[in-house]
Every structure is written in C-alpha cells, then in structure tokens.
Amino acid sequence: MESAIMDTGDCQPLYHAIRDYYEGMNMKLDQQIPMLLVERQALNEAIVGEKNGHHHMPETRGLCLSEEQTVTSILKRPTIGGHRLIGMRTQPQKLTRKSEVTAILVLYGLPRLLTGAILAHELMHGWLRLKGYRHLSPEVEEGICQVLSYMWLESEVMPVFKHMPSSSTASSSTSSSSSSSSKKGGRSPVENKLGEFFMHQIAHDTSPAYGAGFRTANAAVSKYGLRPTLDHIRWTGCFPV
C-alpha cells in the first residue's frame with residue numbers, strides 16, 4: 001500500500017500537483033499559500049485560534065487558516081522504534097496575515113490519496129476566500145469544497161477519459177490530466193480501491209454540511225458545470241437548482 005505522508009517536505013510535491021490541478025481548471029490560486037503538516041494537538045490549537053466561526057467536523061484533519069498564529073509543523077519525519085515513534089523534529093512557525101488566507105494545515109501520517117483529498121478541500125476554501133466569496137452557509141461552502149476533493153480523487157483513481165471537466169469548467173485540462181495519468185501507471189489496485197473508498201466516504205457522508213452539502217453541490221455541478229455553479233454561488237450564496 002502507498003506510504004503515508006509524514007512531514008511537510010514529503011507533502012510539497014503533492015501540494016504543488018493539486019495546485020496544478022486547480023490551474024488546469026482555470027482556477028489558479030494567485031497567492032502562494034504556505035502548507036504545513038502538523039500533529040493532532042497543533043491542529044486542534046489552530047482551530048481554537050480561528051475566529052471565523054467556520055464549521056468543522058468532530059475529527060478535523062485539515063484547516064484553511066485565516067488568522068495570524070504560530071503553528072508547530074513537522075520538519076522531519078519520525079521513525080518507529082520499538083512500539084513508538086521517535087526522532088520527530090518539529091518547528092514553530094509564525095504565520096503572518098497577508099490576505100484572507102495565512103496557511104493550510106493538514107494532519108500528518110495519512111495515506112497520500114487521503115492527504116491529497118484534504119488538500120484539495122482546503123485549497124478550495126482558500127480559493128473561495130481569495131476570490132471574495134463571503135458569508136456562505138456551511139452547507140454551501142463545505143459542499144463545494146467536498147466536490148473539489150471528490151473530483152481530484154476521481155482524477156487520480158479513474159481512467160483519464162472518465163474524468164474530463166466540462167467545457168464550462170475549464171478551457172483545458174491537459175496539465176491536470178497528464179500529471180495524473182503519469183502517476184496512475186504506477187498505482188496499485190489496492191491504492192485505487194483505497195481512493196474509491198475515500199470517494200465513497202465523501203458521497204455517503206451523513207452530516208448536513210459535508211454530506212448533504214456535497215450531494216447538493218455535486219448535483220448542481222453535474223447539471224450546470226463547475227464555473228456556472230460557482231458564479232451562481234457568488235451572486236446568490238446558494239446552489240443553482
């Protein structure tokens with residue numbers, strides 16, 4: 001099975017690949033948002049430090065920060081010694097607010113596809129804030145972020161021809177498709193099954209914001225395309241029906 005993503009350096013190639021995926025759909029993020037892998041305690045402390053009142057799952061695994069904070073990130077991956085992790089090196093990092101987004105935090109130690117799905121979700125929070133989307137309900141914001149997470153997973157585990165964004169989504173999907181297809185060649189059936197499981201979790205989530213929100217958002221994107229759905233959200237704060 002694929003290896004876990006254990007430190008911030010490990011995660012950078014995946015983070016840049018997902019930013020490229022966004023750019024391939026004409027959704028380039030204009031700001032270089034720092035991304036840090038963190039322990040559970042650091043993630044929980046960062047959530048407490050946020051003042052925007054965003055909805056979070058009971059077991060949050062990622063966070064798009066909008067406040068200035070000092071966050072302890074994982075600089076060097078731990079190794080297994082006996083029955084515990086040893087040799088982890090962490091580093092406090094001061095995050096300054098230069099815009100609506102200060103950083104993206106992701107829990108360390110998760111499988112690559114799950115880490116990527118979390119990154120795709122949190123990057124969408126960042127994209128919405130940087131593009132001026134304001135005062136969205138949890139159902140709308142978390143729902144559309146889950147759609148981007150699902151789409152990225154689909155692009156990774158399904159054949160390329162099955163995942164082609166509609167013409168209203170992007171003028172070209174070449175960069176995202178080619179980067180994904182090059183990695184698919186070495187992906188094992190077990191990893192593909194893992195990705196399908198993560199997609200199933202998103203699709204069948206029972207929570208109002210993440211589950212029902214995703215299903216409503218996904219229906220809108222399937223019917224109208226991603227860009228028209230985003231435009232409608234900007235104008236009305238709701239999904240088109």
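I started with Glu122, which is buried at a relative accessible area of 7%. The cut-off for buried is under 20%, so 7% qualifies. I note here that the model is predicted.

**Entry 1: around Glu122.** I placed Glu122 in helix α3. Next I listed its contacts, leaving out residues up to four places away in sequence. Gly62, Leu63, Cys64 and Ile104 came up. I also checked Ala103.

Entry 2: I then traced the strands. Three of them form an open sheet in the order β2-β8-β3, and the pairing is mixed. β2 (35-38) and β3 (62-65) are the edge strands; each has a single partner, so one side of each has no neighbour in the sheet. On average, neighbouring strands are turned by 20° against each other, direction ignored.

I looked at each pairing in turn. Strands of a sheet pair through backbone hydrogen bonds, either parallel or antiparallel. Here β2 and β8 run parallel and share four bridges. Val38 stands opposite Leu107 of β8. β3 pairs with β8 (residues 103-107) in the antiparallel sense, also over four bridges. On that side, Leu63 has Leu105 as its bridge partner. Leu65 stands opposite Ala103.

**Entry 3: what covers the strands.** Is β8 enclosed or open? I counted five of its five residues as buried, so β8 is largely enclosed by the rest of the structure. In a regular strand the side chains alternate between the two faces of the sheet. In β8, Ala103, Leu105 and Leu107 point one way, while Ile104 and Val106 point the other way. All of these are buried.

I repeated the check on β3. Gly62 and Cys64 lie on one side, Leu63 and Leu65 on the other. All four are buried, and both faces of β3 are covered.

**Entry 4: helices on the sheet.** Helix α1 (residues 8-24) lies across β2 and β8, and it runs at about 135° to β2. Helix α3 (residues 112-130) packs on the sheet as well, touching β2, β3 and β8. The direction of α3 makes about 20° with that of β3. Glu122 belongs to this helix, and Gly62, Leu63 and Cys64 are among its contacts.

**Entry 5: along α1.** I checked the helix length. At 1.5 Å a residue, the 17 residues of α1 should span 24 Å, and the end C-alpha atoms are 24 Å apart, so the two agree. At the N-terminal end I found a cap: a side-chain oxygen of Asp7 lies 3.2 Å from the backbone nitrogen of Gly9.

I then listed the buried positions of α1. They are Thr8, Cys11, Leu14, Tyr15, Ala17, Ile18, Arg19, Tyr21, Tyr22 and Gly24. An α-helix has 3.6 residues a turn, so residues three or four places apart point the same way. I read the list with that in mind; Cys11, Leu14 and Ile18 are among the buried residues.

**Entry 6: positive phi.** Just after α1, Asn26 takes a positive phi of about 55°. Asn26 sits in the loop between α1 and β2. It counts as partly exposed, at 44% relative accessibility. I found another case at His135, which has a positive phi of about 55° although it is not a glycine. His135 lies in the loop between α3 and α4 (138-157). Is His135 buried or exposed? Its relative accessibility is 83%, so it counts as exposed.

**Entry 7: the core.** Last, I looked at the nonpolar packing. The largest nonpolar core has 67 residues. Which residues have the most contacts inside it? They are Met124 and Ile144. I opened the contact list of Met124, again leaving aside neighbours within four places in sequence. It holds Tyr22, Met27, Ile144, Cys145, Leu148 and Leu230. Tyr22 is one of the buried residues of α1.

Definitions and conventions:
Residues numbered from 1 in each chain as written. Predicted model: local features only at pLDDT ≥ 70, side-chain atom pairs only at ≥ 80, totals over all residues. Heavy atoms only, no water. Pairing = 2+ DSSP bridges. Helix = DSSP H or I, 4+ residues; strand = E, 2+ residues; numbered from the N terminus. Axes fitted to C-alpha atoms, helices over the stretch in contact; angles between N-to-C directions. Contact = heavy atoms within 4.5 Å. Buried < 20%, exposed > 50% of the residue type's maximum accessible area, 1.4 Å probe, protein only. Expected span 1.5 Å × (residues − 1). Polar contact = N/O pair within 3.5 Å; in protein donor to acceptor, adjacent residues only side chain to side chain. Core = buried A, V, L, I, M, F, W, Y, C linked by side-chain atoms within 4.5 Å.
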